[in-house]
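Biologist: I would like to go through a model feature by feature. Please give the general idea before each case.

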Amino acid sequence: MPPRKRKAAAIAHGDHDAVSTPDSSRRRSTRVSSSAKKSHYFEGDSDSDSPEAPAAAKSNSNSNSKAKAKPTAAKPRQRGRPKKAKVDEYPDEDGDEDDEDAYHDEPVETQNNEEESEDDDDSASSPNKVTFIPIPKLRDLNGVAYSPNTIHPNTLLFLADLRRNNKRSWLKLHDAEYRRSLSDWESYAMSLTDQIISSCDPTIPELPFRDINFRIYRDIRFSKDPTPYKPHYSASWSRTGRKGPYACYYAHVEPGKCFVGGGLWHPDGPALGRLRSSIDERPGRWRRVLMDKTFKESFLGGGAGAKGKSGQKGMGKGKKKKGRGKNGVEEGEEEEDGLDEERAVIKAFCAANAENALKTKPKGFDAEHRDIELLKLRNFTVGKKLPDSVFTSEGGQEQVLNVIRAMVPFVTHLNRIVMPDPGDDDDDSEDEEA
């Protein structure tokens, strides 16, 4: 838009002030100068024709110029990212309050720095507290040397300490004692392996220690017991070591709770089905194994609980056989005694495996089955407790081997059912009796 021209009326009436002033007679530029003086070209125009208007405009322009001490010129628009505003090193009059705040903050920072320096000086001057934990020494041998055929008494003492201090920190501190006891158990287990193969069960292969040993570390992810270690040593011998489908021999060393056992613990579904089918179809084979004299005396108490009952029942049954004579009565009593002893042995075996047994009959079998208690079982194991001295004394390994020998027919019977060898399914005529 072009600038407006001055009115000719002001010149025609002889506005001497306007004409005489050289600044008002010529056209002025509309550009904003960088100087502090403001242009009066448009300020002189007014709607009134009074001669005082230019003077008033001039006075107003002077006052405005004084109010603005430092007018700034318009800067050209720049491309790209705008630059960050710079902080003035010398604050102006508008920033007095900020300056006062900054001024008052400085002593606080210096005070904090002084306090930190004092703390550093105090910490540097005061000695650090160091707690020394002595490394426990290995137990004395007390004149007893380590032997592969026995468990050293120090091994049982270590297991007793582990039971009382079942923590990772404690075991880490007593790692040397743990390593020595583990080495003692390994030598005993490998010595026992050789004796089992040579004098008990030749079907057991020679396996390394890691394949027969159970580690002491517990899986506590789904357990209510938070203790991380098992306070005992144990090993298992079978055709596939501690793992696999075969029945096994088991040795457990724990202070006051040592025992030797064997059998099948928690067999899988197909194996459990074959065991129940064998109980149903071949009960004679099971009775021969359970009624074995050595097996019965070692693990089932010899069937002593049936003696009193058998005498009473035998007397009652014998009266019905008077017509057969004296010998007939004696034979009837012996037969009833045998049946009662057989029931007592089966009952003792079922009581030893009552853990995890079914509460009701298994699927596919009659509740009135005569061996229903055997059919309810899900574990088929036996065991015998032994004193600690059997493992620590010379000649004690032979007692352990005698217990294992008594289990050989039982373990062989289970393996013939679960993993039969060629020809094991052929039954004798006696199996189908009773």
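Biologist: What should I know about the model and its numbering?

Modeller: This is a predicted model, where local features need pLDDT of at least 70, side-chain atom pairs count only at pLDDT 80 or more, and totals for chains, interfaces and linings use all residues. Residues are numbered from 1 along each chain as its sequence is written, and side-chain values use heavy atoms, with hydrogens and water left out.

Biologist: How many helices and strands are in the chain?

Modeller: Helices (H or I, at least four residues) and strands (E, at least two) are DSSP runs, numbered from the N terminus. The chain has 17 helices and 5 strands.

Biologist: What percentage of the residues in the chain is buried?

Modeller: Buried means under 20% relative accessible area, exposed over 50%, and partly exposed in between, with a 1.4 Å probe and protein chains only. Of the 434 residues in the chain, 32% are buried. As for contacts (heavy atoms within 4.5 Å), 62% of those with a separation of 6 or more join residues 24 or more positions apart.

Biologist: How do I read the span and the buried side of helix H10?

Modeller: The expected span of a helix is 1.5 Å times one less than its number of residues. H10 (residues 269-281) has 13 residues and reaches 18 Å from its first C-alpha to its last, close to the 18 Å expected. Its buried residues are Ala271, Leu272, Leu275, Arg276, Ser278 and Ile279. They are on the same side of H10 because they cover an arc of only 155° around the axis, the arc being that of the directions from the helix axis to the C-beta atoms. Exposed residues Gly269, Pro270 and Glu281 are carried on the face turned away from the buried side.

Biologist: Which elements do the buried residues of H10 pack against?

Modeller: They pack against strands S4 and S5 and helices H11 (283-290), H15 (372-375) and H17 (396-418). In H11, 7 of the 8 residues are buried, so this helix is largely enclosed by the rest of the structure; among them are Trp286 and Arg287.

Biologist: What lines the second largest pocket?

Modeller: On a 1 Å grid over the protein atoms alone, a pocket is an open set of points where a 1.4 Å probe fits, with protein on both sides within 12 Å along at least five of seven lines; lining residues have an atom within 4 Å of a point. This pocket is lined by 30 residues, of which Cys248, Gly263, Leu264, Trp265 and Thr381 lie nearest its centre. The elements giving two or more residues to that lining are S3 (248-253), S4 (259-264) and S5 (380-385), and S4 gives the most, with 5 residues.

Biologist: Where is a positive phi found in a residue other than glycine?

Modeller: Most residues other than glycine have a negative phi. Histidine 266 has a phi near 55° and sits in the loop between S4 and H10. Asparagine 356 also has a positive phi, of about 65°, and lies in the loop between helix H14 (325-352) and H15. Histidine 266 counts as partly exposed at 40% relative accessibility, and asparagine 356 counts as partly exposed at 32%.

Biologist: Is threonine 155 buried or exposed?

Modeller: Threonine 155 is buried, with a relative accessible area of 1%, and its place is in helix H6 (residues 153-164). Leaving aside neighbours within four places in sequence, threonine 155 is in contact with Tyr146, Ser181, Asp184 and Tyr233.
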